[in-house]
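Biologist: Can you walk me through this protein? Let's look at it together.

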Amino acid sequence: MNNKFGYSIAATIVAGVLAFGVATIVRQSHGSADAPCVGGGVTHKVTIRNDKADPAQTTAKRCDTLTITNKDAITREIAFGNHDHHVAYDGVEEKELRQGDSVTVTLDQTGEFHFHDHIHDEVEGYFTVTH
């Protein structure tokens, strides 16, 4: 009888922990970070010149924007995420930038992110988005 009671308590505890974990995950994935950005924030600018992104690291707040401009004479294929594992950021996974062209994304996701030139992946930069 004690074993059945012990198993019952253990099962109740496990079910409670799982329910709490699922509720926590749901709250995190549907928190304020998922709310649409309205109004304008600060515009952060990155310039690609002489095969380098300047600045190489940008720190911004959620709902700011990031504009990447290519000043080099060669066309850049700007991609988000690691090389060969691109992920879309603000709907942009990859964007061709000829000399003078820019791409602007709204920083709607918090965390640390990476962008690079898909053709010349040594040209890269990072951005951190906080609440």
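**Charges inside and outside**

Modeller: Start with Asp-72: its relative accessibility is 8%, so Asp-72 counts as buried. Keep in mind that this is a predicted model.

Biologist: Which residue does Asp-72 form a salt bridge with?

Modeller: With Arg-76. The closest N and O atoms are 2.5 Å apart.

Biologist: And is Arg-76 buried or exposed?

Modeller: Buried, with a relative accessible area of 0%. Arg-76 also forms a salt bridge with Asp-117, where the closest N and O atoms are 2.8 Å apart. Asp-117 lies in strand S9 (residues 111-117) and Arg-76 in strand S5, so this pair ties together parts that are 41 residues apart in sequence.

Biologist: Which residues are linked in that network of salt bridges?

Modeller: Asp-51, Asp-72, Arg-76 and Asp-117.

Biologist: How many salt bridges are there in the whole structure?

Modeller: Four. One of them joins Glu-96 and Arg-98, with the closest N and O atoms 3.4 Å apart. Glu-96 is partly exposed, at 38% relative accessibility.

Biologist: New topic. Where is the negative charge on the surface?

Modeller: Asp-84, Asp-121, Glu-122 and Glu-124 gather there in a patch. Asp-84 sits in the loop between strand S5 (76-82) and strand S6 (85-86). Asp-84 is exposed, with a relative accessible area of 55%.

Biologist: What about the overall fold: how many helices and strands?

Modeller: One helix and ten strands.

Biologist: How much of the chain is buried?

Modeller: 30% of its 131 residues.

Notes:
Residues numbered from 1 in each chain as written. Predicted model: local features only at pLDDT ≥ 70, side-chain atom pairs only at ≥ 80, totals over all residues. Heavy atoms only, no water. Patch = residues over 30% accessible without salt bridge, like charges linked within 9 Å, V, L, I, M, F, W, Y side chains within 5 Å. Areas by Shrake-Rupley, 256 points an atom, 1.4 Å probe, with all protein chains shown as cover. Salt bridge = Lys/Arg side-chain N within 4 Å of Asp/Glu carboxyl O. Lys, Arg positive; Asp, Glu negative; His and termini not counted. Charge placed at Lys NZ, Arg CZ, Asp CG, Glu CD. Helix = DSSP H or I, 4+ residues; strand = E, 2+ residues; numbered from the N terminus. Buried < 20%, exposed > 50% of the residue type's maximum accessible area, 1.4 Å probe, protein only.
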